[in-house]
Amino acid sequence: MIELDKIFIRRDNNKVFFCATIKIDHIVQELWFSTDKKFEKYIALTNGDCFALALFIYAIFTNKSFICNVPVSKRLKYGLIHVLLNTFIKNGVCSKELTIDFKFEDETTFPDATGIGTAMSLGVDSFYTLSKNIESSHAVNILTLFNGGAYGEYGGDVARDLFEKMKQHVSNLSEDFGLDFLWVDTNLNEVLKMPFVKTHTFRNFACVLMFQKLFKTYYYASGTTLDNFKLNFNDPMYYDLLNSKAIAGNSLEFHISGLNEGRLFKTQVISEHPLTFNNLNVCLITSDNEKLSKNNKKLINCSKCFKCIRTMVTLEVLGKLHLYKNVFDLNVYKENKEKYLAEILYNKIRANNIFSQEILGQIKLNKYHISYKVYYYLFLRVLQPLGKRINNSKNLKY
Ligand SMILES: [Zn+2]
């Protein structure tokens with residue numbers, strides 16, 4: 001059983017904390033979201049939507065009942081109960097006996113909220129969403145950065161350290177773009193300990209819901225294209241169109257941006273913008289950049305993880321990799337280029353990976369030469385799982 005009992009504000013130097021007293025299986029805990037105190041005036045105190053959404057999704061995936069004793073926006077309540085809960089139950093994600101009880105409704109609207117925000121994680125999707133929406137009729141005027149699990153799904157010091165470093169970086173970048181910058185830290189990673197990939201949309205939307213006196217629109221970058229829409233509950237990117245319909249405040253709506261464009265196209269678009277040359281950061285949290293976070297003030301991609309490999313190969317095929325010499329280690333790329341291309345080919349053969357498909361399509365289009373060395377490494381890569389299987393069967397004791 002999960003209960004949300006009380007919401008309140010706490011201040012600490014230049015930060016403000018929006019806090020909630022919650023109970024999980026009768027154990028009292030405090031959940032909080034914090035931000036710079038200059039944004040306190042935008043926190044909607046008439047409802048506990050940010051907590052309600054985080055706890056709702058925790059309830060669904062842990063199959064625990066949830067009683068919400070603080071008001072929730074009428075619009076959010078409708079979307080969570082009548083759209084998402086029904087979908088989750090119908091597809092067997094949680095039991096139909098599960099009780100989700102939002103006891104009080106908040107009907108407040110916020111006509112003065114005019115902010116249009118989007119996340120800036122310095123990745124391909126973020127830069128693409130920004131470039132697409134900065135000049136639209138609904139132009140972005142606020143960039144956001146949330147410590148909602150992207151820097152470590154269970155939070156902790158390493159995640160917060162990386163987040164702090166990103167904060168400085170995104171704050172500078174916002175100035176370059178002439179946009180406002182809003183950051184949110186939270187302890188929901190540590191308290192709820194949910195897997196990030198399965199819950200990323202809900203965590204990020206929760207951070208936005210805290211500011212219903214600021215935002216009227218929030219763009220969330222699509223992680224895949226619309227033709228991949230499916231109710232795959234291991235990753236909300238597949239059903240974000242549904243999430244963006246269900247989750248809203250009384251005056252706030254979410255849009256999924258870039259639903260029809262593939263990653264290669266997005267990479268091509270952002271590579272036309274010089275501000276991405278020294279700022280693109282696609283790297284996974286790896287042991288390599290853990291070291292970077294402690295010893296190095298600059299944000300540099302490890303140039304070794306699969307996200308780095310995918311992006312570097314794409315930029316190389318597009319003839320743009322040299323422009324990103326300050327954020328990727330081009331020596332590492334040079335030494336491993338054939339292996340990286342072999343990895344892309346392998347992912348196409350093994351899993352028909354959509355990103356590999358796009359890269360290989362562009363390779364064909366550009367008549368990009370693939371050397372024999374690449375096929376040699378591909379051959380070794382194909383044998384790798386086989387070798388592992390043989391080793392494992394040798395180790396079996398009969
Ligand atoms: Zn990396």
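Two residues are in contact if their C-beta atoms, placed from the backbone, lie within 7 Å. By that test, and leaving aside neighbours within four places in sequence, Phe56 is in contact with Phe66, Leu80 and Ile100. The model shown here is predicted.

The largest nonpolar core has 103 residues, and Phe56 is among the members that touch the most others. Domain 1 and domain 2 both give residues to the core, so it lies between them.

Now step back to the chain. It is divided into domain 1, residues 2–257, and domain 2, residues 263–384. Their centres, taken over C-alpha atoms, are separated by 30 Å. The contact takes 16 residues from domain 1 and 17 residues from domain 2. On the domain 1 side, H3 and helix H4 (157–177) each supply at least two residues. H4 gives the most to that side, with seven residues.

Look next at H3, residues 124–133. Is H3 enclosed or open? Eight of its ten residues are buried, so H3 is largely enclosed by the rest of the structure. The buried ones are Val124, Asp125, Ser126, Phe127, Tyr128, Thr129, Leu130 and Asn133. They pack against three strands, S8 (115–119), S11 (215–221) and S12 (253–257). They also pack against helices H8 and H10.

H8 spans residues 263–270. Its buried residues are Arg263, Leu264, Lys266, Thr267 and Ile270. Seen down the axis of H8, these fall within an arc of 160°, so they line one face of the helix. An α-helix has 3.6 residues a turn, so residues three or four places apart point the same way. What covers the buried residues of H8? The cover includes H3, helix H10 (306–317) and helix H12 (354–365).

H10 leads on to another packing pair. Two packed helices are described by the angle between their axes and the distance between the axes. For H10 and helix H11, residues 330–351, the angle is about 100° and the axes are 10 Å apart. Angles of 65 to 115 degrees count as roughly perpendicular. H10 and H11 are therefore roughly perpendicular to each other. From H10, the meeting residues are Ile309, Met312 and Val313. From H11, they are Tyr333, Tyr340, Leu341, Glu343 and Ile344.

Phe277 sits in the loop between H8 and helix H9 (287–295). Is Phe277 buried or partly exposed? It has 16 C-beta neighbours inside 10 Å, so Phe277 counts as partly exposed. Not counting residues up to four places away in sequence, Phe277 touches Leu323, Tyr324 and Asn326.

Lys74 and Asn250 give another pair to trace. They are 176 residues apart in sequence, yet 6.7 Å apart in space, C-alpha to C-alpha. Lys74 belongs to helix H2, residues 74–90. With 17 C-beta neighbours inside 10 Å, Lys74 counts as partly exposed. Which residues is Lys74 in contact with, leaving aside its neighbours within four places in sequence? They are Glu105, Asp106, Glu107 and Asn250.

Asn63 lies in the loop between H1 and strand S4 (66–68). Its phi is near 55°, a positive value in a residue other than glycine. Asn63 has 12 C-beta neighbours inside 10 Å, so Asn63 counts as exposed. Lys193 is found in the loop between helix H5 (188–192) and helix H6 (196–209). The phi of Lys193 is near 50°, again a positive value in a residue other than glycine. With 11 C-beta neighbours inside 10 Å, Lys193 counts as exposed.

Definitions and conventions: Residues numbered from 1 in each chain as written. Predicted model: local features only at pLDDT ≥ 70, side-chain atom pairs only at ≥ 80, totals over all residues. Core = buried A, V, L, I, M, F, W, Y, C linked by C-beta atoms within 7 Å. Buried ≥ 20, exposed ≤ 12 C-beta atoms within 10 Å, placed from the backbone. Domains from an automatic or database assignment. Helix = DSSP H or I, 4+ residues; strand = E, 2+ residues; numbered from the N terminus. Arc of directions from axis to C-beta. Axes fitted to C-alpha atoms, helices over the stretch in contact; angles between N-to-C directions. Parallel < 35°, antiparallel > 145°, perpendicular 65-115°, else oblique.
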